[in-house]
Amino acid sequence: MTAMYISSIKIAQHILLLLASLSTATAQGFTQIQIDTVVQRLQEGATHSWELGTRAQALLELSVPHFSVLTPSVLLPPPSSLNSSDDASLADVLTIARNAVAALPPPPQNGTGQPLFLGDGSAGDPASVGMAVLLANWTGQPGDEDYAGAATAQVEYLLGPAVPKTSDGAISHRVSQLQLWSDFVYMVPPFLAYYGVTTSNQSMLQEAYEQIRLYRSYLSDASANGLWRHIVLGSGGLDPGHWSTGNAWAAAGMLRVLGTLKSSPSRGSFNSQIEDLGDWVAEIHGAMYPHLQPNGLFKNYADGTGNASTNFDDASSSALLAATVYRLVHLTGKGGAFIPQAERTRAAILAALNSPGSATSSSPAPPSTPSPTRRASSSASSDAQQPRFSSDGWLAPVVDPLNISVEGARSPEGEAFVLMLYAAWRDWSAAAGSAGEGKSNGGAVRLGGDVRRVHLGVAAGLVVLVASCTMGDLSL
C-alpha cells in the first residue's frame, strides 16, 4: 500500500508539472520567434528621430527592464557600470545614441544648445533619443562621442530662445511656430526627467512635470470627457480632433515621468506630482475606453471626430494604450478597471500574430485572391477590421506615421507599440501572479494571466484527490 501511495503522489506531481508548463506557454502568448520578428521589422523601419527614440524605449522595456523607468523596483540613477549581459542587451540602444551623437557638430558654447537631430522640423521629436544618450553617458561608453555635451545642448535648445513658448511656459513641439502637439508629452518630458535624475537636478524633474501639466491644460478637452486634442495653436496644420495615437502618446509619456519620479532619490519631494500623473493617465483611459470597438481596436480618431474617410481602425494606438493600462496598474496599483479592455486588445493582436500567413505563425497562409481595399468608416461596427500582420511581420491596420489622415502600410512605431504591449503585460502579469491580482488591479478579472492559477488550482486539486484516495486505501 505504501508503494501505491508513493506511485499515486508521483503521478499527481507529474500532472502538476505538466499543467504548470502548459499554463506558462498559454499565458505567455507571444513566442520568441514572434518577438524577434517584430524587433527586426522595427530595426529596419525606424529612421526618423521619434521612431529611433521610440525604438530605444521599446528595447529597454523588452530586453533590459531593470534599466527601464517603468519597472517599479528600479532605483535611479541606474548602475554606472555594465556587466557583460547588460552590455549585450543594451547594445542596440547604445548604438542609437552613438549614431545620433556622432553625426553632430560640437555643441555651441553660447548656451543656445542644439537638438540631437539637426534640421528636424520638430522641436520635440529629437529629444526622444535623449534617454539613450544619457544612458550612454552614464555608463561611460567608449569612443570620442560627447554624450554629456549633446544631452546638455538638447536641454538648452528646448529651454532657450530658438524654440517658441506659450506665455505660461509650454515648450512648442514645432520650431517654425508656436504649436502644441500631444506627441510632445512622450518625446520631451521623459527626457527632461531622466536628465534631472542623472544630473541630480530636481528643477529638471519639476520641469518635466510642469510641461505635462501645461500641455494637459491646452489639449485635454473637457467637452469630450478628457480626450486630448492632437494639435492646437499656430497658423496651420491644426488638428483639434481626438487622435487615438496622440492620446496614447500622452498617457505613455506621463507614465515614464511618473516612473522616473517614483524611482528617483528625490521621490519624497514629488508625491503630489506622482499622484497627479497617475490620475491624468487614468483620465485618458476613462475617456478613451468607452470608444474601444468589439474587435479590440480604436478608430484613428477614437470618438469619430476625424473625417469619415480618414477614420479607419488603428491597431497601433490600440496597442500602446493597452500597454499603458498594464503599466499604470503595475506602477501605482490603480486603474485595473480597464484591464479587461487591454486584454481584449492584446488578445486581438496575439490572434493576428498566430494567424495563418503571418510571418510569426507556424501555419501557412491559405490560398487567397486580392480583396478590394476596405473603405474607411467612422462606424464602430459596420466596417471594423481585425488586426493582422503581413507576411513579413508588419502590423495592420495602422495609421501612416507620416500622414495621419491615411491608413499606412508599415509603421515602425506600431511595431514598437507591439513590443511595449508585450513587455507591459509580461511585467504586470509577473507582479500580479506574485502579489495577488485582487490587490493590484482594483478587483478586475484577469482574462489571460489567471489561466496559470486556474491550471495550477486544478492540478493541486488532483494532488489532493489522489492523495486522499490513497490514504483512504491505506485505512481499509
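Q: In this predicted model, which residues does arginine 41 touch, not counting residues up to four places away in sequence?
A: Arginine 41 lies in helix α2, which covers residues 32–45. Neighbours up to four places away in sequence are not counted here. The residues touched are Asp392, Gly393, Trp394 and Glu415.

Q: Is arginine 41 buried or exposed?
A: Buried means under 20% relative accessible area. Arginine 41 has a relative accessible area of 14%. That value is under the cut-off, so arginine 41 is buried.

Q: Is serine 316 buried or exposed?
A: Serine 316 lies in helix α13. Its contacts beyond four places in sequence include Leu395, Pro397, Val398 and Phe417. Ser411, Glu413 and Gly414 are also in contact with serine 316. Its relative accessible area is 0%, so serine 316 is buried.

Q: What span should helix α5 have at 1.5 Å a residue?
A: Helix α5 runs over residues 91–102, which makes 12 residues. The expected span is 1.5 Å times one less than the number of residues.

Q: Within what arc do the buried residues of α5 fall, seen down its axis?
A: In α5, the buried residues are Val93, Leu94, Ile96, Ala97, Ala100 and Val101. An α-helix has 3.6 residues a turn, so residues three or four places apart point the same way. The buried residues of α5 line one face of the helix, because they fall within an arc of 150°.

Q: Which helices are among what covers the buried residues of α5?
A: Val93 and Leu94 are among the buried residues of α5. What covers the buried residues includes α3 (49–63), α6 (130–138) and α7 (147–159).

Q: Which residues have the most contacts inside the largest nonpolar core?
A: The largest nonpolar core has 131 residues. Phenylalanine 191 is in contact with residues including Ala127, Met131, Leu134, Val155 and Leu158, leaving aside neighbours within four places in sequence. The residues with the most contacts inside the core are Val133, Phe191, Met254 and Leu277.

Q: Which helix gives the most to the lining of the largest cavity?
A: There are two cavities of 30 Å³ or more. The largest has a volume of about 80 Å³, and its lining includes Glu61, Tyr186, Arg256 and Met420. Both α11 (244–263) and α13 (315–332) supply at least two lining residues. With four residues, the helix that gives the most is α13.

Q: Which strand gives the most to the lining of the second largest pocket?
A: About 370 Å³ of space lies in this pocket. Of its 21 lining residues, the closest to the centre are Trp50, Asp125, Trp181, Asp183 and Pro401. α3 and β10 (403–408) each supply at least two lining residues. With three residues, the strand that gives the most is β10.

Q: What percentage of contacts between residues at least 6 apart in sequence join residues at least 24 apart?
A: The chain has 17 helices and 10 strands. Buried residues make up 53% of its 476 residues. Among contacts between residues at least 6 apart in sequence, the share that joins residues at least 24 apart is 68%.

Note on methods:
Residues are numbered from 1 along each chain as its sequence is written. This is a predicted model: local features need pLDDT of at least 70, side-chain atom pairs count only at pLDDT 80 or more; totals for chains, interfaces and linings use all residues. Side-chain values use heavy atoms; hydrogens and water are left out. Buried means under 20% relative accessible area, exposed over 50%, partly exposed in between (1.4 Å probe, protein chains only). Contact means heavy atoms within 4.5 Å. The arc is that of the directions from the helix axis to the C-beta atoms. A nonpolar core is a set of buried Ala, Val, Leu, Ile, Met, Phe, Trp, Tyr and Cys residues joined through side-chain atoms within 4.5 Å. On a 1 Å grid over the protein atoms alone, a cavity is a set of points where a 1.4 Å probe fits but cannot get out, and a pocket is an open set with protein on both sides within 12 Å along at least five of seven lines; lining residues have an atom within 4 Å of a point. Grid points are joined across faces, edges and corners, and a volume is the space filled by probe spheres set on the points.
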